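Please keep the sequence and the model in view while working through the numbered points.

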Amino acid sequence: MSQINVPHAIINGLALSVPFFTTAPSILFAVTAVHLAYYQLFRQVMVSIILFSISFWSLLPYPSVVKFALAVLSLSGFLFTTVLFPPLQLPRPTGKYRVGVIDRYIKKSSTLKSKFSNESYVNIRILYPAEAASGETTEIPYQPLGSAICNQFMAFGAPGPLKKLGGLLHYWLLITVPFQRNASLVVGKDKFPVVVYSHGLGGSNSLYSYQAGQLASNGYVTILVEHSDGSAPLTKAQDGHIIEHDMTMYPLRETEKGAWDTPPYVKQRREQLEVRVHEVIEAAKFAMKTLPSEARFKGRLEVKKGVHLVGHSFGGATVLSAAARHEKIVKSVIAHDPAVDWMTDDSRYNLLKGSGHDGSGGYEEFDEEATGLEETPTLMMYCDDWVRTGFGHNFVTIDRLNNGASGGKGSKGVVMDDMRHFEFSDNCLIQPVWLSKALNFSGSDPEGRAADTAKLTLDFLGTHTA
């Protein structure tokens with residue numbers, strides 16, 4: 001289960017307490033700025049921050065009784081927020097192996113010309129079964145880009161009044177991942193299959209650490225792609241420059257009845273997806289051609305017949321499109337709440353043909369129908385919340401997979417009860433359950449649903465690994 005890091009919880013409580021429990025507006029803004037700045041600089045020095053919180057009030061021109069009351073109020077707020085907003089640590093992987101991690105960039109074999117990305121490298125994270133006593137012992141931060149990613153995440157994902165309050169997510173900076181950097185591959189003769197993982201809109205390769213860690217701890221070398229198309233909150237390119245989240249498409253969603261996936265908006269997402277498919281296939285080719293020759297993995301990868309693909313939401317649409325076009329290198333494909341409407345025209349036609357559905361705006365002309373999803377074993381998992389609302393064309397795809405109209409042998413569609421879309425990522429594992437439920441980000445048991453997702457994914461992969 002998710003673990004509360006007590007020292008980090010205390011620090012986090014201090015960071016949040018004063019803004020939440022100071023009522024005088026003139027003090028509120030000043031103390032918020034100072035408190036968060038101090039928190040960023042000395043977030044691991046608890047005693048200093050506690051003394052700072054108390055002594056700050058002594059500098060104000062108030063009577064002693066008022067200063068004492070404000071100090072008590074601040075510390076009371078600290079205790080309150082420590083309990084309500086604890087920085088959680090991800091549950092440790094439950095497989096029989098420890099998990100090693102390598103972050104790197106791989107050179108693309110070809111460059112796709114797109115207005116969404118012209119990068120020549122793919123940013124990947126490799127998780128793999130590791131020897132327990134090897135690798136570096138330093139903690140690995142969950143968010144390597146620091147507070148900038150918190151600010152950007154709030155800027156595009158939060159309601160209007162909260163967009164500039166990136167400090168509310170700074171507790172993410174206290175989270176670490178339970179992996180060992182540059183560890184040795186586990187000793188033995190076992191060969192490990194490879195999974196390529198594609199994140200959703202607003203996601204990153206960090207935001208799927210639980211699911212990917214479960215795969216690696218159970219014997220799958222897992223390559224997480226951090227896409228350069230502007231779908232991540234922030235990502236760092238190979239030459240060091242930062243790629244920000246692409247906000248240009250969101251105005252296309254605005255209608256008189258509110259924000260929705262209009263045909264112009266969807267068509268832009270389909271064009272963006274071309275970059276993502278290209279990067280997933282580049283990662284798959286790297287796994288099959290380059291990685292097996294490297295010393296750590298030499299002779300230990302099971303990739304002669306291809307790799308497995310896993311993705312969530314936009315990532316689900318990505319891996320389905322990649323499998324439709326490149327069936328010869330894809331053993332199976334697993335899509336968690338796939339945004340089917342955002343799939344490329346040729347691959348969406350391959351999935352939906354004969355169903356009477358074609359997606360927003362219909363099809364434009366495409367040169368050749370993709371056919372890979374007719375033979376590729378396919379698992380689609382949908383949360384019951386999406387099933388109720390009809391998102392992801394689940395009203396079509398689940399039945400088609402289960403009756404053999406789509407997908408290769410063994411394909412199936414599954415509905416996850418008491419689950420929300422964000423629970424396929426780490427989102428609901430790194431914030432308190434009460435908050436996830438209040439925001440309708442999760443059902444009653446996000447840890448249980450995450451474990452169920454991992455088990456169903458592993459069971460399906462196990463069936464189609466040979």
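This is a predicted model: local features need pLDDT of at least 70, side-chain atom pairs count only at pLDDT 80 or more; totals for chains, interfaces and linings use all residues.

**Notes on strands, a cavity and selected residues**

1. Arg98 stands opposite Ala130 in S4.

2. Why is S4 described as largely enclosed by the rest of the structure? The reason lies in burial: 9 of the 10 residues of S4 are buried, so the strand is largely enclosed. Buried here means a relative accessible area under 20%.

3. Tyr220 and Tyr128 are separated by 92 residues in sequence, while their C-alpha atoms are 6.5 Å apart in space.

4. Rolling a probe the size of a water molecule over the atoms shows where empty space is left. For this model the count is 5 cavities of 30 Å³ or more, and the largest cavity holds about 70 Å³ of space. It is lined by 13 residues, of which Tyr105, Tyr121, Asn123, Ser228 and Ala237 are the closest to its centre.

5. Which elements give two or more residues to the lining of the largest cavity? They are strand S4 (121-130) and strand S10 (234-236). S4 gives the most, with 3 residues. Sorted by class, the lining of the largest cavity comprises 5 nonpolar, 4 polar and 4 charged residues.

6. All 7 of the 7 residues of strand S16 (residues 330-336) are buried, so S16 is largely enclosed by the rest of the structure. S16 pairs with strand S15 (residues 307-312) in the parallel sense over 6 bridges. In this pairing, Ser332 of S16 is the bridge partner of His308. From S15 the chain passes through helix H8 (residues 314-325) to reach S16, and this β-α-β crossover is right-handed.

7. S16 runs parallel to strand S17 (residues 378-383) as well, and 4 bridges join the two. Here Ala335 stands opposite Met380 in S17.

8. How many disulfides does the model contain? The count is 0 disulfides. In general, a disulfide is a covalent bond between the sulfur atoms of two cysteines. Cys150 has 0% relative accessibility, so Cys150 counts as buried. Cys383 likewise has 0% relative accessibility and therefore counts as buried.

9. Asp418 is not a glycine, yet it has a positive phi of about 55 degrees. Asp418 is placed in the loop between strand S18 (412-416) and helix H12 (433-438). With a relative accessible area of 28%, Asp418 is partly exposed. Asn440, which is also not a glycine, has a positive phi of about 60 degrees. Asn440 is found in the loop between H12 and helix H13 (446-463). Its relative accessible area is 41%, so Asn440 is partly exposed.

10. Finally, is Leu169 buried or exposed? Leu169 has a relative accessible area of 11% and is therefore buried. Leu169 lies in the loop between helix H5 (147-157) and strand S6 (176-177). Leu169 and Gln431 are 262 residues apart in sequence, and the C-alpha to C-alpha separation in space is 9.6 Å.

Note on methods:
Residues are numbered from 1 along each chain as its sequence is written. Side-chain values use heavy atoms; hydrogens and water are left out. On a 1 Å grid over the protein atoms alone, a cavity is a set of points where a 1.4 Å probe fits but cannot get out, and a pocket is an open set with protein on both sides within 12 Å along at least five of seven lines; lining residues have an atom within 4 Å of a point. Grid points are joined across faces, edges and corners, and a volume is the space filled by probe spheres set on the points. Ala, Val, Leu, Ile, Met, Phe, Trp, Tyr, Cys and Pro count as nonpolar, Asp, Glu, Lys and Arg as charged, and the others, Gly among them, as polar. Buried means under 20% relative accessible area, exposed over 50%, partly exposed in between (1.4 Å probe, protein chains only). Two strands pair if DSSP finds at least two bridges between them. A crossover is right-handed if, with the strands pointing away from the viewer, the path from the first strand over the helix to the second runs clockwise. A disulfide is a pair of cysteine sulfur atoms within 2.5 Å.
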